[in-house]
Amino acid sequence: MSEDAKKCTRCREIKPVAAFANTDKAKDGISNYCRICQSEYYKAWRINRTSPTNSNNPKQKSASDKVYRAVKRGDLIKPDQCENRTPNCIGRINAHHDDYNKPFEVRWLCDGCHRTWHLENGPGANK
Ligand SMILES: [Zn+2]
Ligand SMILES: [Zn+2]
Ligand SMILES: [Zn+2]
């Protein structure tokens, strides 16, 4: 590896140092993630932090708990992919409720799609 190249610890590609941001956190002053990985990382981080599933709404919480227990029992299957399957799907899969009075009517949406749903539709019914 030459001095002006560095291996990204996320995508594991060796890239020119110019492809990495400078940071004082790293020993060599260069970020361990390339710029592309870094921006993806922050995007995912922001979405996780603003996930609507983190709300403290009691009805929403009880609906999520019911789903969680049903998945544990095997009554509901949690898929490992978002229902929308867009190329932009990101983050964990969430059990989303259109109507919180129907806890077992679930859409399985990734953090990205889940957030978009609520941005477009507001909170679910009977919240
Ligand atoms: Zn990378
Ligand atoms: Zn998705
Ligand atoms: Zn939701």
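**Notebook: fold, core and selected residues**

I began with the secondary structure and found three helices and six strands in the chain. Helices (H or I, at least four residues) and strands (E, at least two) are DSSP runs, numbered from the N terminus. I noted the order of the elements from the N terminus as β-β-β-β-α-α-β-β-α.

The model is predicted, and local features need pLDDT of at least 70, side-chain atom pairs count only at pLDDT 80 or more, while totals for chains, interfaces and linings use all residues. Residues are numbered from 1 along each chain as its sequence is written, and chains are lettered from A and ligands numbered from 1 in the order in which they are written.

**Overall dimensions**

I looked up the domain assignment, which gives domain 1 (5-48) and domain 2 (58-121); such bounds come from an automatic or database domain assignment. The centres of the two domains, taken over C-alpha atoms, are 31 Å apart. The C-alpha trace spans about 60 × 25 × 25 Å along its principal axes.

I then checked burial: 20% of the 127 residues count as buried. A residue is buried if 20 or more other C-beta atoms lie within 10 Å of its own, exposed if 12 or fewer, and partly exposed in between, with C-beta atoms placed from the backbone. For contacts (C-beta atoms, placed from the backbone, within 7 Å), I noted that 47% of those between residues at least 6 apart in sequence join residues at least 24 apart.

**Strands β5 and β6**

I found that β5 (residues 93-97) is largely enclosed by the rest of the structure, because four of its five residues are buried. Strand β5 pairs with β6 (residues 106-110) in the antiparallel sense over five bridges; pairing requires that DSSP find at least two bridges between two strands. A95 stands opposite W108 in β6.

**Nonpolar core**

I listed the largest nonpolar core, which has ten residues: A63, V67, C82, A95, Y100, V106, W108, L109, C110 and C113. Helix α2 and strand β6 each supply at least two residues of this core, and β6 gives the largest share, four residues. A nonpolar core is a set of buried Ala, Val, Leu, Ile, Met, Phe, Trp, Tyr and Cys residues joined through C-beta atoms within 7 Å. I also looked up the contacts of Y100 beyond four places in sequence; among them are K59, Q60, A63 and G124.

**Loop residues**

I located E105 in the loop between β5 and β6. E105 is partly exposed, with 13 other C-beta atoms within 10 Å. Leaving aside residues up to four places away in sequence, E105 touches H97, D98 and D99. From E105 to G122 I read 17 residues in sequence and 17 Å in space, C-alpha to C-alpha.

I next examined backbone angles. R12 is not a glycine, yet has a positive phi of about 65 degrees. R12 lies in the loop between β1 (5-7) and β2 (14-16) and is exposed, with 9 other C-beta atoms within 10 Å. R85, also not a glycine, has a positive phi of about 45 degrees. R85 is placed in the loop between α2 (58-73) and β5, and counts as exposed with 9 C-beta neighbours inside 10 Å.

Key: Contact = placed C-beta atoms within 7 Å.
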